[in-house]
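I am opening a page for this chain. The entries below record what I looked up, item by item.

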Amino acid sequence: MSELIDHLAELTGFRDRDVLDVTLVSSLREILHPRSVAIYRVTGDPGEERWTTRARLNASDAVAAADPAWADPQTLPRLALFPSRVRALAGEAVVASGTNESTHSTFPVESDRGVVGVLEIETEAPLPDTSARLVTSVLRIYRNFQCLLDYSERDTLTGLLNRKTFDDSFLKLTGAPLPGRATAAATDEAAPPLLHWLSVIDIDHFKRVNDNHGHLIGDEVLLLLSRLMNSSFRFHDRLYRFGGEEFVVLMRCPDEEDARQVLERMRANTAAYRFPQVGTITVSIGFTQVFQGDSPSAAFERADRAVYLAKDQGRNCVRSHTDLVASSGREDAPRTGDVELF
């Protein structure tokens, strides 16, 4: 019992989700001594869902394996390839499958949004009922802790990631060298790397919405815009609300034109949407490439200056930092006094 308590204390001692998942599988490996234990989550747009490995440990592994945060969805296995995991997603408490040599026990991993993944344990013999109950109890603690992390990391109004999580996410997602496209090996051609991009989305004349309709209607506009963002961007794009009417997106695209098209889709969807009691609103969007070793504040400042260019050129448009440089013929001086990020 003391060993279990020690593992639970370790499990709830981290605020990093990646470390939390690794700690979960590591603790269960030490308690149950299975052949392997892994946690998988569902990613992808509806109809194109895939399995992504959050953490996996075999009996002899020193370090847990995991898929990169920006893994190409086409390289990940489809849901249907693992029927037992699909059954666990449907809410079955434990799904056991296997051969004479091993058994896979699959447990649903829940969040406050429902079942979002599975925990899979491979053992030589079927997992005893006492062990299965232990795993279920540990997963309940894991779920409760994940809910606490959601509460601290997400904007309470929109449900998007909040500003205080941005720095860590930025450095984690952009600190490692970027791989080329996974399809390059199949074509034997060198594919360009998928680059990181940061964009700032600002609602045009949002003060008028609050002044004319009140802050409750203004909050409804922010909530509906966040839903438009979720439907306009791709599942692996990271969406943040920075406060007020300002939103930030971290994404990966092969080049500036591709990034511009993604952002144009968001701009067009917003302009076409009828907001209750308000009618139409528009957004101005600025974006910049994120370079290796870039800092969060420097990248944000470049994208924010591109937003000012969009507003200077009539609003309801998308402008990049390279557009800003081209329009002035030189690198512009930093803007001070308008936005203080840190």
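Entry 1, a loop residue. In which loop does L76 lie? I found L76 in the loop between β2 (50–58) and α3 (83–89). For the element names I use DSSP runs numbered from the N terminus, with helices as H or I of at least four residues and strands as E of at least two. I work from a predicted model, in which local features need pLDDT of at least 70, side-chain atom pairs count only at pLDDT 80 or more, and totals for chains, interfaces and linings use all residues. Residues are numbered from 1 along each chain as its sequence is written, and side-chain values use heavy atoms, with hydrogens and water left out.

I looked up the accessibility of L76 next. Its relative accessible area is 7%, so L76 is buried; buried means under 20% relative accessible area, exposed over 50%, and partly exposed in between, with a 1.4 Å probe and protein chains only. Leaving aside neighbours within four places in sequence, I list T43, R50, W51, T52, D67 and A71 as the contacts of L76, where contact means heavy atoms within 4.5 Å. One of these, T52, is 24 residues from L76 in sequence, and the two are 6.4 Å apart C-alpha to C-alpha.

I found A93 in the loop between α3 and β3 (95–98). A93 has 55% relative accessibility and therefore counts as exposed. Not counting residues up to four places away in sequence, A93 touches T106, F107 and P108. I also noted T136, which is 43 residues from A93 along the chain, with 8.0 Å between the C-alpha atoms.

I counted 11 helices and 11 strands in the protein chain. Of its 342 residues, 44% count as buried. Among contacts with a separation of 6 or more, 62% are between residues 24 or more positions apart.

I read pLDDT as the predictor's confidence in each residue, from 0 to 100. The chain mean is 85, and 85% of the residues reach 70 or more. Which elements have the lowest and the highest mean pLDDT? Helix α6 (residues 184–187) has the lowest, at 35, and strand β11 (residues 318–320) the highest, at 97. Over residues 176–191 the pLDDT is below 50, and this stretch has 20 contacts in the model beyond near neighbours in sequence. Residues 333–342 also stay under 50, with 21 contacts beyond four places in sequence.

Two packed helices are described by the angle between their axes and the distance between the axes. I looked up helix α7 (residues 206–213) and helix α8 (residues 215–232): their axes come within 7 Å and cross at roughly 140°. The axes are lines fitted to C-alpha atoms, for helices over the stretch in contact, and angles run from 0 to 180 degrees between N-to-C directions. α7 and α8 are therefore oblique to each other; under 35 degrees counts as roughly parallel, over 145 as roughly antiparallel, 65 to 115 as roughly perpendicular and the rest as oblique. On the α7 side I list F206, V209, N210 and H213, and on the α8 side H215, I217, G218, V221 and L222. By class, the contact has 5 nonpolar, 4 polar and no charged residues. Here Ala, Val, Leu, Ile, Met, Phe, Trp, Tyr, Cys and Pro count as nonpolar, Asp, Glu, Lys and Arg as charged, and the others, Gly among them, as polar.

Entry 6, aromatic rings. Rings of Phe, Tyr and Trp (its six-membered ring) pair if their centres lie within 6.5 Å; planes under 30 degrees apart count as stacked, over 60 as edge-to-face and the rest as tilted. By this rule I get 6 aromatic pairs. The rings of F166 and F242 have centres 5.2 Å apart and planes at 75°, so this pair is edge-to-face. F166 lies in helix α5 (residues 166–174) and F242 in strand β8 (residues 238–243), so the pair ties together parts 76 residues apart in sequence. Both F166 and F242 are buried. Ring pairs link F166, F170, Y240, F242 and F300 into a cluster.
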